[in-house]
Amino acid sequence: NAYVSLLKLYLCKTFQVYDFALRDPAFRADARDYTNLMRVYIQLGNHDAVEEAFLVMRERNIFPDLVTY
């Protein structure tokens, strides 16, 4: 189905932009933003990316909250 293919492409590109923004030091993210990114990585089975996102969050002095854990 063409619609499903376009939707998957859109979601993939949206995720790439979101991931890039959270890694950009100029972007003002909070724990909830990083938690959402890590949740997507978990769903994709990319546990290395989860750990990397967590480390980036901590390097920026953003502390995980109860939802993160």
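Helices here are DSSP runs of H or I with at least four residues, and strands are runs of E with at least two, both numbered from the N terminus.

Let me state the basis of the work. The model is predicted, so that local features need pLDDT of at least 70 and side-chain atom pairs count only at pLDDT 80 or more, whereas totals for chains, interfaces and linings use all residues. Residues are numbered from 1 along each chain as its sequence is written, and side-chain values use heavy atoms, with hydrogens and water left out.

I begin with the overall architecture. The protein has three helices and zero strands, in the order α-α-α along the sequence. Its C-alpha trace spans about 45 × 25 × 20 Å along the principal axes. Taking contact to mean heavy atoms within 4.5 Å, residues 24 or more positions apart account for 47% of the contacts with a separation of 6 or more.

I turn to the pairing of helices 2 and 3. Two packed helices are described by the angle between their axes and the distance between the axes. The axes are lines fitted to C-alpha atoms over the stretch in contact, with angles from 0 to 180 degrees between N-to-C directions. For helix 2 (residues 31-44) and helix 3 (residues 47-59), the axes come within 9 Å and cross at roughly 170°. The two helices are therefore roughly antiparallel, a class for angles over 145 degrees; under 35 is roughly parallel, 65 to 115 roughly perpendicular, and the rest oblique. Helix 2 contributes A31, Y34, L37, M38, Y41 and I42 to the contact, and helix 3 contributes A49, V50, A53, F54, V56 and M57.

Beyond neighbours within four places in sequence, D33 is in contact with Y18, L22, F27 and R28.

Finally, V67 is found in the segment after helix 3. V67 counts as partly exposed because its relative accessibility is 42%. Residues up to four places away aside, V67 touches R32, T35 and R39.

Conventions
Buried < 20%, exposed > 50% of the residue type's maximum accessible area, 1.4 Å probe, protein only.
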